[in-house]
Amino acid sequence: MSIMYQAYQNHMDLTGPWRTGASAALKYLNLVPQGVSDRLFGRLAAALELISRSSLTYARPAYGIDSVMVGNRELPVTEEVIYSTPFGSLLRFKKEDSPEQPRLLLVAPMSGHFATLLRGTVKTLLQDHDVYITDWHNPRDIPRGHGRFGLEDYTEHLIDFLDKLGPRAHMVAICQPSVSALAAAAIMCEDNHPARPATLILMAGPIDTRIQPTKVNEFAKSKPIKWFEDNLINYVPVQCKGALRQVYPGFVQLTAFVSMNLERHIKQHMDLAHHLAKGEKEKAETIKTFYDEYFAVMDLPAEFYIETVRDVFQEHLLPQGKLMHRGRPVNPAAIKRMGLMTVEGEKDDICSIGQTLAAQDLCTGVRAYRKVHHMQAGVGHYGVFSGRRWESQIYPLVKNVILSSE
């Protein structure tokens, strides 16, 4: 167990005034009329901008979805919390005067970023669906008195959220939570739960990571679970509401992500400084928007992280029929009278081809004509649920699968 997180927080608190000062100076600098020694002020503005941005944020960014086109009408969108626990909210994107549309639960990963990372996915789905999302809360803001949050608690939240949505809702799980989504569907089917999903759509998820292991999978298996506990788990700093809760800190995860593509991130920040110095505000804004989201990090509850590494990536419990939920076996064969779709990306280096498809073989109770698999050519991990090919090629297939289950 490390106290690195506390040391990091102390450093950020001490350097906070520098960033605040840089932000204030930047506001005044922006009032300088154009043409007054642009080069000098441009360079100074670039330097101040980079100083003011040299920290991470731990608050969820806004989804920023104010309206959406439904048919040929633009409808206002408001956010509405339907149900909440200390660890997450069931958030609805409510459309004013919308026709009745299929209800859909979008299951966001707990992987170091907030559910807002899926805002593009949400906006696309909103055209034809009544969309709800699992809006996970940052554990550093959750007092220890609220207890633990492990893999089974995540699965239980999905069952509770679906229960709030009522019968015939559809569930779309993005990446890591595909395991919990499959487990929740299996438990609900076995219990003949009235709110079991009508469709289960798993996108780029680690159902069986024994298939074509990626670097991420190999790293998870390269060390004993005790190593992860000793080296990656920290206590939440005493300055936070969740003081002394055990977590896998978001800044440690982000450091790992950045180091995988370090040269690209350095180049992006050099480009940002260059655009700011030359007054190319639009180009600078594109980079700033990306990093505002990228540097908004969320810690992971220690139990959830350790259990995910152990049960999903090291011991492969689900595909071996050994995964348990609240003391009972998870049986994917129990899933019946449900549409099943799996989606993979050809160039996915996080969850490789075949790992999500494995769900099709596990769900023997689903009729062959209700099973759909799609491998999207030319996309990596994020391209499965965001960007041009998601919107133009993958989403129409997802929409059809949902419509056929209505």
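How many nonpolar, polar and charged residues are in the lining of the largest cavity? Sorted by class, that lining has 7 nonpolar residues, 3 polar ones and no charged residues. Keep in mind while you look around that this is a predicted model.

**The cavity**

Let's start with the hole itself. The count comes to 1 cavity of 30 Å³ or more, and the largest cavity has a volume of about 50 Å³. To find it, look for L151, Y154, Q176, P177, V179, S180, P206, F304, T308 and V312, which line it. The elements that give two or more residues to this lining are α4 (151-165), α5 (178-190) and α11 (302-314). Of the elements, α11 brings the largest share, with 3 residues.

**How the helices pack**

Two packed helices are described by the angle between their axes and the distance between the axes. Here are both pairs:

| Helix pair | Angle between axes | Distance between axes |
|---|---|---|
| α4 and α11 | roughly 95° | within 8 Å |
| α4 and α5 | about 60° | 9 Å |

Take α4 and α11 to begin with. Their axes cross at roughly 95°. Angles of 65 to 115 degrees count as roughly perpendicular, so α4 is roughly perpendicular to α11. On the α4 side, L151, E152 and Y154 do the touching, and on the α11 side they meet F304, E307, T308, D311 and V312. By class, this contact has 4 nonpolar, 1 polar and 3 charged residues.

Next comes α5. Its angle with α4 is about 60°, which makes α4 oblique to α5. If you care about handedness, α4 passes α5 in a right-handed crossing. In this contact, L151, Y154, T155, L158, I159 and L162 of α4 meet S180, A181, A183, A184, I187 and M188 of α5.

**A stop at R92**

Before you go, have a look at a strand. Which residues is R92 in contact with, leaving aside its neighbours within four places in sequence? They are T78, E79, E80, I82, D130, V131 and Y132. R92 itself lies in strand β3, which covers residues 88-95. As for V77, this residue is 15 residues from R92 along the chain, and the C-alpha atoms of the two are separated by 9.6 Å.

Note on methods
Residues are numbered from 1 along each chain as its sequence is written. This is a predicted model: local features need pLDDT of at least 70, side-chain atom pairs count only at pLDDT 80 or more; totals for chains, interfaces and linings use all residues. Side-chain values use heavy atoms; hydrogens and water are left out. On a 1 Å grid over the protein atoms alone, a cavity is a set of points where a 1.4 Å probe fits but cannot get out, and a pocket is an open set with protein on both sides within 12 Å along at least five of seven lines; lining residues have an atom within 4 Å of a point. Grid points are joined across faces, edges and corners, and a volume is the space filled by probe spheres set on the points. Helices (H or I, at least four residues) and strands (E, at least two) are DSSP runs, numbered from the N terminus. Ala, Val, Leu, Ile, Met, Phe, Trp, Tyr, Cys and Pro count as nonpolar, Asp, Glu, Lys and Arg as charged, and the others, Gly among them, as polar. Axes are lines fitted to C-alpha atoms, for helices over the stretch in contact, and angles run from 0 to 180 degrees between N-to-C directions. Angles under 35 degrees count as roughly parallel, over 145 as roughly antiparallel, 65 to 115 as roughly perpendicular and the rest as oblique. Contact means heavy atoms within 4.5 Å. A crossing is left-handed if the near helix is turned anticlockwise from the far one by less than a right angle, and right-handed if clockwise.
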